[in-house]
Amino acid sequence: MPTQDLVPTLDRVRTQDGRLLRVECSGDPHGRPVFLLHGMPGSRVGPRPRSMFLYLRGVKLISYDRPGYGGSERLAGRRVVDVADDVAAIADALGVERFAVAGRSGGGPHALACAARLPHRVTRAAALVTLAPRDAEGLDWYKGMSTSNVDEFRLAFKDPERFMAQLIPRSEAIRSDPAKLLEQIRHDLTADDRKIVSDNGIRSMLMRNYVEALRTSPYGWIDDALALAGPWGFDPADISTPVLLWHGVQDVFSPPEHSSWLAARIPRATIVLEPEAAHFGALRALPDMLGWLLEDTPWPEAASAGGAGISSSVSGVVHTASGSRSR
């Protein structure tokens, strides 16, 4: 078995255009690599399976702060598709050639961008409670979305300067007291979501995540919203990689119709709709997604075969969602 010091463990990566990205790896340093792309607002320390869970399943989980969040330098005017270059730069720095990618909420479109732009490197992609492109033909983009989200995305699209002016003080308040974010959205949470975010462990991860996301500036959040409200820079129909879309039917932050629209256009997509789940149900679903993601992800050349017994759980995920609609 290779020794720990032979495995790259960089926590800062410089991109080709000179920006620094803050990176964090957890789980098995010799395991099969999976990029986890955080939500909005979010950071590299956002909710994820425990490190021991990842280690026992042979997973090397790679997360990083998107530009403007946490310890990563801003890329003003970035589009969703620009994430692919940053992920490729991190993978190169870590010596990772092939990898899977997962994104939750605002990270979902970014995971799909990696699958679209890096088909020779991304083995599989999972997008949980994702949005569809705002210009999605035939989709009523705002239908089923909470009033607060509708107002924010419409403002980001129509008046970016005013949107920025409103989000800057809000970000400062949340940085000082991260519980404010959950308080602001509490009236839109289902009973199931309230139960999830009331769990002490999950709540602690969320609070730490929000503080780190907004620690240095509000611009990660601002640029995420502007990127999601604008042209993504790629067509989901061009994705050739297998994709798993997971969505809670009760979600009002990113309505399930968005995943259904994507599933109808991505050639190798599978969709799982959970009837009783909502937005934060994705936190419960993520561990099951890992088994499916790793099915086609090779072990690093230097890795031991000790984790070869990892089991796939995708069939269990799909079959346990037998009450939901899938296609």
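Helix α4 gives the most to the lining of the largest pocket, with 4 residues; helices here are DSSP runs of H or I with at least four residues, strands are runs of E with at least two, and both are numbered from the N terminus. The model is predicted, so to speak of local features requires pLDDT of at least 70 and side-chain atom pairs count only at pLDDT 80 or more, while totals for chains, interfaces and linings use all residues. Residues are numbered from 1 along each chain as its sequence is written, and side-chain values use heavy atoms, without hydrogens and water.

The pocket itself has a volume of about 500 Å³. On a 1 Å grid over the protein atoms alone, a pocket is an open set of points where a 1.4 Å probe fits, with protein on both sides within 12 Å along at least five of seven lines, and lining residues have an atom within 4 Å of a point. Points are joined across faces, edges and corners, and the volume is the space filled by probe spheres set on them. Of the 25 lining residues, Met40, Pro41, Asn149, Ile185 and Phe253 are the closest to the centre. At least two lining residues come from each of α4, α5, α6 (179-185) and α9 (219-229).

Helices α4 (residues 147-158) and α5 (residues 160-176) also pack against each other, at an angle of about 130 degrees and with axes 6 Å apart. Axes are lines fitted to C-alpha atoms over the stretch in contact, with angles from 0 to 180 degrees between N-to-C directions.
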